[in-house]
Amino acid sequence: MLSRLGGALAIAVTMASCGGIGGLTGDGEGQRSIALLGGAVQAAGPDNFCVDRRSSRARDGFALLAPCRLLTGEGEGVPGLALITVQAGASGTASVAGSEPVFEAFLKSAEGAALLSASGDASAITLRRTRANGGIVTAFFDDTNPPPIAGTQPTEWRGFVDINGRLVTVSLRGLADAPLSVSVGDALLRQALAALQAANATETATDN
């Protein structure tokens with residue numbers, strides 16, 4: 001089971017490798033959601049977070065979200081400046097619902113730590129906490145690798161959930177110059193996962 005889970009995660013878990021904070025681009029409009037993989041999954045974030053359309057790759061199941069104010073110069077403030085990524089896996093990769101304890105155990109293993117690492121180096125990961133409840137598994141960890149998005153903090157919050165038969169991963173980091181506190185990061189991850197589930201609780205996603 002763990003080996004199969006690792007294979008599914010390796011396909012589904014991706015973090016953005018854009019040019020960093022300065023590479024974020026807005027088109028003047030606050031797009032709140034985006035359809036991934038032809039509408040199989042709708043990516044959405046917490047209140048006042050918008051999609052960075054240039055960095056997102058909908059056909060690859062990847063979306064990058066940031067505070068709308070950071071992208072467009074408009075919108076209300078947020079509790080903490082964070083970048084949120086959503087990565088949807090291939091059809092049939094759903095691995096969480098009904099297997100939460102197994103999934104959580106995998107993340108605590110050396111193989112799981114290597115997967116959480118930006119470079120695949122398990123020794124770079126300090127796993128601070130995992131949680132498994134109600135079809136969602138989360139991990140809170142430090143990564144000594146250079147961050148996948150330049151200018152973000154080494155601490156990451158990550159959540160895993162099944163959406164429409166696919167494993168979907170939500171990851172977030174604050175800015176290195178303004179790192180998120182534990183409580184704010186926890187709250188934003190909960191809100192991001194809730195927004196993702198709500199966006200996919202209705203009809204099949206359509207691109208905006």
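Mentor: Start with the term. A salt bridge here is a side-chain nitrogen of Lys or Arg within 4 Å of a carboxyl oxygen of Asp or Glu. Keep in mind that this is a predicted model.

Trainee: Which residue forms a salt bridge with arginine 173?
Mentor: Look for a carboxyl oxygen within 4 Å of a side-chain nitrogen. The closest N and O atoms of the pair are 2.7 Å apart. Arginine 173 lies in strand β9 (residues 166–174), and its partner lies in strand β8 (residues 155–163), 17 residues apart. The partner is glutamate 156.

Trainee: Is glutamate 156 buried or exposed?
Mentor: Buried means under 20% relative accessible area. Arginine 173 is buried at 1%. Glutamate 156 has a relative accessible area of 0%, so the call is buried.

Trainee: Which residues are linked with Arg173 in a network of salt bridges?
Mentor: Side chains of opposite charge can pair when their charged atoms come close. Arg173 and Glu156 are already paired. Both belong to a network of salt bridges, along with Asp143 and Arg158.

Trainee: Where is the partner of arginine 129 in its salt bridge?
Mentor: The side chains of arginine 129 and aspartate 186 meet at 2.6 Å, N to O. The pair links distant parts of the chain, 57 residues apart. Arginine 129 sits in strand β6 (residues 125–133), and aspartate 186 sits in helix α5.

Trainee: Is aspartate 186 buried or exposed?
Mentor: The cut-off for buried is under 20%. Arginine 129 has 25% and is partly exposed. Aspartate 186 has 12%, so this residue counts as buried.

Trainee: How many salt bridges does the whole structure have?
Mentor: One more pair is worth a look: aspartate 60 and arginine 57 meet at 3.7 Å, N to O. Arginine 57 is partly exposed, at 36%. A search of the whole structure gives a total of seven.

Trainee: What is leucine 172 in contact with, leaving aside neighbours within four places in sequence?
Mentor: Contact needs heavy atoms within 4.5 Å. The list includes Ala82, Leu83 and Ile84. Leucine 172 also contacts Thr155, Glu156, Trp157, Leu180, Gly185, Leu188 and Leu189.

Methods
Residues numbered from 1 in each chain as written. Predicted model: local features only at pLDDT ≥ 70, side-chain atom pairs only at ≥ 80, totals over all residues. Heavy atoms only, no water. Buried < 20%, exposed > 50% of the residue type's maximum accessible area, 1.4 Å probe, protein only. Helix = DSSP H or I, 4+ residues; strand = E, 2+ residues; numbered from the N terminus.
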